[in-house]
Amino acid sequence: MPEIKLPGPMRMVWGSLGCLWLAGIINKGFYTTAIILLLFVPVLIMINGETPSQMRKLQKAPHHTEPSDSSAA
């Protein structure tokens with residue numbers, strides 16, 4: 001499957017400002033789109049902060065050690 005390139009956070013901010021501008025001119029429904037775009041910015045920052053190799057790396061569970069006989073009551 002091909003990799004999807006997500007937009008950068010600044011592009012989302014500019015898109016949100018454009019939606020706010022359109023809400024004042026065309027339709028009040030663009031306010032909802034502007035808010036949704038602004039709420040998505042932290043998610044994009046978190047996703048873009050990780051490299052693809054970090055996202056693909058399997059997370060290993062911490063090793064569970066059995067308690068020793070002296071710690072058992």
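**Exercise 1. Determine which residues of helix α2 are buried, and name a helix that helps to cover them.**

Step 1. In this predicted model, the cover over the buried residues of α2 includes helix α1, which runs over residues 9-25.

Step 2. The residues of α2 that lie buried under such cover are Ala34, Val41 and Leu44.

**Exercise 2. Decide whether Ser16 and Leu20 are buried, partly exposed or exposed.**

Step 1. Recall the cut-offs: a residue is buried under 20% relative accessible area, exposed over 50%, and partly exposed in between.

Step 2. Ser16 has 1% relative accessibility, and therefore counts as buried.

Step 3. Leu20, which is also found in helix α1, has 35% relative accessibility, so Leu20 counts as partly exposed.

Step 4. Leu20 also belongs to a nonpolar surface patch of about 530 Å², which is made by Met10, Trp14, Leu17, Leu20 and Tyr31, and to which α1 gives the most, with four residues.

**Exercise 3. Describe the length of helix α2 and locate its kink.**

Step 1. Helix α2 covers residues 30-49, and is thus made of 20 residues.

Step 2. From its first C-alpha to its last, α2 reaches 29 Å, which is close to the 28 Å expected at 1.5 Å a residue.

Methods
Residues are numbered from 1 along each chain as its sequence is written. This is a predicted model: local features need pLDDT of at least 70, side-chain atom pairs count only at pLDDT 80 or more; totals for chains, interfaces and linings use all residues. Side-chain values use heavy atoms; hydrogens and water are left out. Helices (H or I, at least four residues) and strands (E, at least two) are DSSP runs, numbered from the N terminus. The expected span of a helix is 1.5 Å times one less than its number of residues. The bend at a residue is the angle between axes fitted to the seven residues ending there and the seven starting there. Buried means under 20% relative accessible area, exposed over 50%, partly exposed in between (1.4 Å probe, protein chains only). Contact means heavy atoms within 4.5 Å. Patches are made of residues with over 30% relative accessible area and no salt bridge: like charges are joined within 9 Å, nonpolar side chains (Val, Leu, Ile, Met, Phe, Trp, Tyr) within 5 Å. Accessible areas come from the Shrake-Rupley method with a 1.4 Å probe; for residues, only the protein chains shown count as cover. A salt bridge is a side-chain nitrogen of Lys or Arg within 4 Å of a carboxyl oxygen of Asp or Glu.
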